[in-house]
Amino acid sequence: MQMNNVDLNGLVLKNPVTVASGTFGFGREFSDFYDLSLLGAISVKGLTLKPREGNPVPRLAETPMGMINSVGLQNPGVEAFIRDEIPFLRTFDTKIIANINGNTLEEYVEMAKILDKEDVDSIEVNISCPNVKSGGMAFGTDPLMASKVTSAVRNVTSKHIIVKLSPNVTDIRTIAKAAEVSGANCLSMINTITGMAFDLKTRRPIIANRIGGLSGPAVKPVGVRMVYETASVVGIPIIGMGGIMNAEDAFEYILAGASAIAVGTGNLVNPMCAPQVLEGLKKYLPAEV
Ligand SMILES: Cc1cc2nc3c(=O)[nH]c(=O)nc-3n(C[C@H](O)[C@H](O)[C@H](O)COP(=O)(O)O)c2cc1C
């Protein structure tokens, strides 16, 4: 592992620090805090074919060492992303990862076809969203479905493809292998772990959707374990994420086998988290090898 020119099997990042989908919007709010050109890549908010309102509120609950969310992929849709957000992101020297989500296999294919012609550097196929009624995580918890969606996307684009894996499985290695043999260039993991929290006063779940996805420091040991297990069975690179709040957390993922890392919930706690992780990692990684 090195600090500069990190090659994720065809997608070369200037450094291994990226930001996780859904925790960074399209970068606009963070560009007030620092120069986004510092980042290796930005994975944008999960996109869908049509704009989505997302789930009813409350959608967030704080938990010990983490949070539960059920945002439900609120986003302006892929066409608005192409029109309004790519030009903004291109003003920075960083790689653009388009995170795509579908209710059906056809929707993933349609989005990949559209983005194939657009100025994005990679397509991240999110088969692990726990917060939508159909599709989403269903694709990421069954090796056959994971394989079908990956190869369907592979067939319609020559872009670099990242498949984003769900931790809500018995054996992540089988899903990771299925994605690899079906044409994924890279894997990203982990998405959130399904969780729930009750309000003792109302005696009701805090989140309107009742169940959401747990993220933050609480999930880091699970993420590190899953990266470790997966790295031992696949030949493609892994972007590690889940609870990275500082350079030491990031380095732990790298020791487990990740080639790059993503800061997620850390961005919500401290908007400077990603550049601070980058600065701190210099202590652990050589500039070039
Ligand atoms: C508020 C919120 C929204 C998220 N939205 C998405 C999304 O749209 N697409 C996706 O692939 N992952 C999404 N995620 C998952 C994160 O990208 C990441 O995989 C997960 O939160 C674990 O990393 P962390 O513990 O550093 O947050 C979201 C996470 C949070 C907290």
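**Figure 1. Contacts of Cys-129 in the predicted model.** Cys-129 touches Leu-73, Asn-101, Gly-136, Met-137 and Asn-191, with residues up to four places away in sequence left out of the list. The model is predicted. Cys-129 sits in a loop that runs between strand 8 (122-126) and helix 3 (137-140). One of its contacts is Met-137, and helix 3 spans residues 137-140. The relative accessible area of Cys-129 is 7%. Because the cut-off for buried is under 20%, Cys-129 counts as buried. The UniProt record, an unreviewed entry, places the feature "active site" at Cys-129.

**Figure 2. The loop residue Gly-77 and its surroundings.** Gly-77 belongs to the loop between strand 6 and helix 1 (78-89). Its relative accessible area is 1%, so Gly-77 is buried. Beyond its neighbours within four places in sequence, Gly-77 is in contact with Leu-47, Thr-48, Leu-49, Lys-50 and Pro-51. Ile-100 is 23 residues apart from Gly-77 along the chain. The C-alpha atoms of Gly-77 and Ile-100 are separated by 9.9 Å.

Figure 3. Glu-180 pairs with Lys-177 in a salt bridge, and their closest N and O atoms are 3.1 Å apart. Both residues lie in helix 5 (residues 172-181). They are three residues apart, about one turn of the helix. Lys-177, with a relative accessible area of 35%, is partly exposed.

Figure 4. Arg-173 is partly exposed, at 33% relative accessibility. Asp-171 is also partly exposed, with a relative accessible area of 27%. The side chains of Lys-282 and Glu-279 meet in another salt bridge, with an N to O distance of 3.0 Å. Lys-282 counts as partly exposed, at 46% relative accessibility.

**Figure 5. The largest pocket.** This pocket holds about 560 Å³ of space. Its lining comprises 34 residues. Which of them are closest to the centre? They are Ser-21, Gly-22, Thr-23, Asn-69 and Thr-192. Strand 6 (66-69) and helix 8 (265-269) are the elements that give two or more residues to the lining. Helix 8 gives the most, with three residues. By class, 13 lining residues are nonpolar, 18 are polar and three are charged.

**Figure 6. The second largest pocket.** The space in this pocket is about 160 Å³. Its lining includes Leu-60, Ala-61 and Glu-62, together with Met-65, Gly-66 and Met-67. Pro-217, Met-245, Thr-265, Leu-268 and Val-269 also line the pocket. Strand 5 (60-63), strand 6 and helix 8 each give two or more residues to this lining. Strand 6 and helix 8 likewise give two or more residues to the lining of the largest pocket. The lining of the second largest pocket has eight nonpolar residues, two polar residues and one charged residue.

Figure 7. The model has one cavity of 30 Å³ or more. The volume of the largest cavity is about 50 Å³. Which residues line the largest cavity? Thr-18, Val-19, Ala-20 and Ser-21 do so, along with Ser-43, Ile-97 and Glu-124. Ser-188, Ile-239, Met-241 and Ala-262 are also part of the lining. Strand 3 (17-19) and strand 15 (238-241) are the elements that give two or more residues to this lining. By class, the lining has six nonpolar, four polar and one charged residues. Ser-21 lines this cavity, and Ser-21 is also among the residues closest to the centre of the largest pocket.

Key. Residues are numbered from 1 along each chain as its sequence is written. This is a predicted model: local features need pLDDT of at least 70, side-chain atom pairs count only at pLDDT 80 or more; totals for chains, interfaces and linings use all residues. Side-chain values use heavy atoms; hydrogens and water are left out. UniProt positions are given in the numbering used here, feature names are shortened, and annotations may be inferred rather than shown by experiment. Helices (H or I, at least four residues) and strands (E, at least two) are DSSP runs, numbered from the N terminus. Buried means under 20% relative accessible area, exposed over 50%, partly exposed in between (1.4 Å probe, protein chains only). Contact means heavy atoms within 4.5 Å. A salt bridge is a side-chain nitrogen of Lys or Arg within 4 Å of a carboxyl oxygen of Asp or Glu. On a 1 Å grid over the protein atoms alone, a cavity is a set of points where a 1.4 Å probe fits but cannot get out, and a pocket is an open set with protein on both sides within 12 Å along at least five of seven lines; lining residues have an atom within 4 Å of a point. Grid points are joined across faces, edges and corners, and a volume is the space filled by probe spheres set on the points. Ala, Val, Leu, Ile, Met, Phe, Trp, Tyr, Cys and Pro count as nonpolar, Asp, Glu, Lys and Arg as charged, and the others, Gly among them, as polar.
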